[in-house]
Amino acid sequence: MIKSLRGMNDILSEDYERFTYFIDTASAVAQKYGFHFIQTPLLEETSLFKRSVGESSDIVGKEMYQFIDKGENDVCLRPEGTAGVVRAFIQKKLDKAGGVHRFFYHGSMFRYERPQKGRLRQFHQFGVESFGIDSVYEDANMIMMVADILLACGIGYRLQINSLGDSNCMPTYRDNLVKFVTECKDEVCEDCIRRLDTNPIRVLDCKNDKCQTLYATAPKLINNLCDNCDSDFTKLKKILDDNNISYEIDTNLVRGLDYYSKTAFEFVSDDIGSQSAIAGGGRYDRLVEFLDGRPTPAVGFAMGIERLMELIKMPEPKKEGYYIGAMDEDTVDLVVSLAHKKRKTDKVTIDYKAKNFKNHIKGADKVNAKYFCIIGSNEVDSGTITLKDLENKTEQTLSLKEF
RNA sequence: GUGAGAUUAGCUCAGUUGGUUAGAGCACUGGUUUGUGGUGCCGGGGGUCGCGGGUUCGAAUCCCGUAUCUCACCCCA
């Protein structure tokens with residue numbers, strides 16, 4: 001038997017119902033916030049991700065589905081959504097057009113990782129990106145949108161926020177942190193030594209207890225923000241307070257992708273295992289210019305749909321459509337014709353076999369039909385059919401033509 | 001990439017110190033005498049016990065390898 005590749009799942013039946021329910025719900029919220037759908041290719045030039053996500057990240061370093069295509073182009077399946085949207089934004093010259101551009105997207109992402117709960121090699125994200133607004137109100141707007149989406153799906157969460165500083169205050173802070181960690185280099189774990197070279201800020205969320213004890217006295221970025229970043233962060237907290245969105249400040253919250261600055265946030269769930277981040281995002285004011293666009297402030301987020309799946313509370317399924325059954329072999333033809341006619345406007349389920357009443361009604365219940373009718377010799381003789389409403393348990397008689 | 005646990009019917013799982021023909025519940029399917037409600041009753045189909053080796057008179061059971069899943073590390077949505 002040929003099986004799907006490791007970490008790549010089929011989505012069908014109830015999973016598909018949940019999946020599309022989430023996308024429909026999230027899309028509706030995004031549209032209320034004035035965002036427009038954008039679809040970008042699954043395959044992009046590899047350098048796009050090297051320049052945006054960053055070569056130091058694990059994603060680019062070892063998790064990309066990368067290959068040379070038949071035209072000798074170095075390409076890869078997208079590992080995340082933001083880079084492609086930014087590329088499209090620049091390619092369509094929207095950076096030069098000025099103004100505000102707001103997009104949402106959803107689709108498959110690919111990372112060559114060891115699969116576990118909430119982590120797949122092909123997974124799906126719903127995300128939004130907002131270009132052209134440097135106001136912290138837009139950062140808050142993102143957080144409120146995620147909160148609205150999660151609320152609409154009945155999903156509980158904890159919100160963690162932090163500020164990563166900007167090109168003004170971050171580099172100075174990073175140097176100080178490197179100095180601090182270097183001084184206790186003999187005591188920290190191997191991973192942290194590695195992080196000093198690759199991405200020093202990441203030492204802050206090291207899970208090693210010993211490291212955490214050492215870092216308790218490390219300089220905190222939150223205390224070393226420049227005036228602009230500091231006042232924005234204060235404002236962000238006020239907006240969230242004013243709108244009754246509770247949050248925790250996590251000074252160790254570090255986004256894994258290089259392009260983030262200033263506001264960083266993560267929505268986590270305590271009910272889905274160790275891969276607990278269900279949504280994450282933040283500001284990335286420098287990314288457009290890194291990708292050769294005109295400098296444009298931007299902010300966005302992405303949600304991991306697979307991680308949300310088991311948390312989504314679905315609405316009660318409603319009875320819908322018709323079930324038509326034949327009592328005799330020679331009325332099956334009529335049932336098929338009636339179904340064909342009725343399907344112009346409604347969902348219709350039929351069985352090609354003649355059965356008795358009880359068996360047909362079992363079938364009707366199984367497909368959750370709202371109306372039930374059965375065609376036997378009585379109906380053919382009288383030219384009428386009896387329509388039974390399975391919800392209200394009422395019946396009405398119609399002529400075959402009226403049906 | 002590292003470590004641990006799992007894999008038996010479509011699904012969830014039993015299966016004794018290795019011993020006849022591998023079971024249950026749910027699901028599926030047929031019947032319940034061709035006309036009014038699902039839940040009742042009676043039947044039926046369905047398994048290369050993940051795959052490949054080995055030990056043994058004999059393996060679902062013990063050993064080795066391998067694939068996949070799960071959990072954790074790493075990383076991230």
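Predicted model: local features only at pLDDT ≥ 70, side-chain atom pairs only at ≥ 80, totals over all residues.
Axes here are lines fitted to C-alpha atoms, for helices over the stretch in contact, and angles between them run from 0 to 180 degrees between N-to-C directions. Helix 1, which covers residues 13-32, packs against helix 6, which covers residues 136-152, at an angle of about 140°. Their axes lie 9 Å apart, and the crossing of helix 1 past helix 6 is right-handed. On the side of helix 1, the contact is formed by T25, A26, V29 and A30, and on the side of helix 6 by M145, D148, I149 and A152.

The largest nonpolar core comprises 77 residues, and V146 and M303 have the most contacts inside it. Helix 6 supplies the largest share of this core, with nine residues. A look at M303 shows some of the surroundings: leaving aside residues up to four places away in sequence, M303 touches Q125, F126, G127, V146, I278, A279 and L308. Another core, of 17 residues, lies apart from the largest one and includes V335, I350, Y371 and C373.

The strands come next, starting with strand 9. All eight of the eight residues of strand 9, residues 261-268, are buried, so this strand is largely enclosed by the rest of the structure. Strand 9 pairs with strand 7, residues 158-163, in the antiparallel sense over six bridges, and N162 faces A264 of strand 9 in this pairing. Strand 9 also pairs with strand 10, residues 277-283, again antiparallel and over six bridges. Here S261 stands opposite R283 of strand 10.

The loop between strand 8 (248-249) and strand 9 contains T251. T251 counts as partly exposed because it has 15 C-beta neighbours inside 10 Å. Not counting residues up to four places away in sequence, T251 is in contact with N162, K220, L221 and I222. E183 is 68 residues from T251 in sequence, and the two C-alpha atoms are 21 Å apart in space.

One has three strands in the order 2-4-3, with antiparallel pairing. Strand 2 (43-45) and strand 3 (66-68) form the edges, and each has a single partner strand, so one side of each is left without a neighbour in the sheet. Direction ignored, neighbouring strands of this sheet are turned by 35° against each other on average. Strand 3 and strand 4, residues 74-77, are joined by three bridges in the antiparallel sense, with V75 of strand 4 as the bridge partner of F67.

The other open sheet has five strands in the order 13-12-14-15-16, and its pairing is mixed. Strand 13 (348-350) and strand 16 (394-399) stand at the edges with a single partner strand each, so one side of each has no neighbour in the sheet. From one strand to the next, the twist averages 25°. Strand 15, residues 384-389, runs antiparallel to strand 16 and is joined to it by six bridges, and T384 stands opposite S399 of strand 16. Helix 13, residues 332-342, lies across strand 12 (322-326), strand 13 and strand 14 (371-375), and runs at about 165° to strand 12.

Terms used
Residues numbered from 1 in each chain as written. Chains lettered and ligands numbered in written order. Helix = DSSP H or I, 4+ residues; strand = E, 2+ residues; numbered from the N terminus. Left-handed = near helix turned anticlockwise from the far one by under 90°. Contact = placed C-beta atoms within 7 Å. Buried ≥ 20, exposed ≤ 12 C-beta atoms within 10 Å, placed from the backbone. Pairing = 2+ DSSP bridges. Core = buried A, V, L, I, M, F, W, Y, C linked by C-beta atoms within 7 Å.
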